[in-house]
Amino acid sequence: MKKKFVSLNNQLNYLREKRKYLHSTDIFETILYINKRKNLNDLNILFKKPIFNETKVLIQNKYSEVLKIKCSSYFEYQINRKQFFGFIIELKKKLYKTKSYKEDKIKNKTTLFKDKIKVPNVKEFNFIELISASAMKFLKKKSPELKSKWYLAKIFLFKFSYNGLFIRNNLILKINKIKSTIYNFDLYLKEKKIGSIIFMKT
C-alpha cells in the first residue's frame, strides 16, 4: 500500500483572524496545493470536527476505517482513474499563529435571492473562500450565530483543478434546506452543476 505524509507547516498552521479553530477553506486549499497542476475527479471532503492543533496529512491508495475514525478531516479523490484517500490528523501542539481574513469584502458583494445565491468574483480571494463566505452571508441572515455556529461540513466536486481559475466567474449556489440546522447548496457554473456543499449549525 502506497502512502505518504505531507509536511505543510506554512499551509495549515495559521488561524484566521480571531478564530480558535482551523478554517475549512485552508483545508480545502491544502488538498489542492498537494495536487497542484493535476485534475481531481470526484473530490469529496468531510470536515468531521473543528481542528485546534497543528496537523499532519496522510494520503494513501487504500481506504482505512481506523484512520477515518481517528482523523479530524477525511477526503478522497481520483487522478487518472486512480483512487486516493486522505486523512488530516490532529497533533498535540496548539495553533497560535494568525493571518488576516477580511471575508466581509466577499459578503458585501454577494447577492441573495429567494432560492439561490450569486457568488461574486473578488480577485484577492480564492474559489473556496468565495463560495464559503457567500453561503455564510445567507446562513447568518437566515439563522444568526447566537449560541451555536455554522460550519462547513462537506464539499463534493465532480471535477476540480488548482489552475481552473475560470470557475471563479458565473458561480451560483442553489439553496436546498434539509432542516433548520443543515443546508445543502448545489454549486453551478452558469447552468452546469459542478458539485455541492453542506453547512451544519452546531
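This is a predicted model: local features need pLDDT of at least 70, side-chain atom pairs count only at pLDDT 80 or more; totals for chains, interfaces and linings use all residues.
The protein contains four helices and 13 strands. Its radius of gyration is 16 Å, close to the 17 Å that the globule rule gives for 202 residues, so the protein is as compact as a globular protein of that length. Taken along the principal axes, the C-alpha atoms fill a box of roughly 50 × 40 × 35 Å.

**Paired strands**

| Strand pair | Direction | Bridges |
|---|---|---|
| β4 (residues 53-60) and β6 (residues 82-94) | antiparallel | seven bridges |
| β5 (residues 73-79) and β6 | antiparallel | seven bridges |
| β9 (residues 116-119) and β11 (residues 171-179) | antiparallel | four bridges |
| β11 and β12 (residues 182-189) | antiparallel | eight bridges |

Strand β6 pairs with β4 and also with β5, and individual residues show how these strands line up. Q60 has F85 of β6 as its bridge partner, while F75 has G86 of β6 as its bridge partner. The strands β5 and β6 form a hairpin with two residues between them, and in this turn N80 has a positive phi of about 50°.

Strand β11 likewise pairs with β9 and with β12. The bridge partner of K118 in β11 is I172, whereas K174 stands opposite D186 in β12. Here too there is a hairpin, formed by β11 and β12, with two residues between the strands.

**Two packed helices**

Two packed helices are described by the angle between their axes and the distance between the axes. For helix α1 (residues 24-34) and helix α4 (residues 127-142), the axes come within 9 Å and cross at roughly 155°. Angles over 145 degrees count as roughly antiparallel, and α1 and α4 are therefore roughly antiparallel to each other. Their crossing is right-handed.

On the side of α1, the contact is made by T25, F28 and E29, and on the side of α4 by F127, I128, E129 and S132. Sorted by class, this contact of α1 with α4 has three nonpolar, two polar and two charged residues.

Terms used
Residues are numbered from 1 along each chain as its sequence is written. Side-chain values use heavy atoms; hydrogens and water are left out. Axes are lines fitted to C-alpha atoms, for helices over the stretch in contact, and angles run from 0 to 180 degrees between N-to-C directions. Angles under 35 degrees count as roughly parallel, over 145 as roughly antiparallel, 65 to 115 as roughly perpendicular and the rest as oblique. A crossing is left-handed if the near helix is turned anticlockwise from the far one by less than a right angle, and right-handed if clockwise. Contact means heavy atoms within 4.5 Å. Ala, Val, Leu, Ile, Met, Phe, Trp, Tyr, Cys and Pro count as nonpolar, Asp, Glu, Lys and Arg as charged, and the others, Gly among them, as polar. Two strands pair if DSSP finds at least two bridges between them. The radius of gyration is taken over C-alpha atoms; the globule rule is 2.2 Å times the number of residues to the power 0.38.
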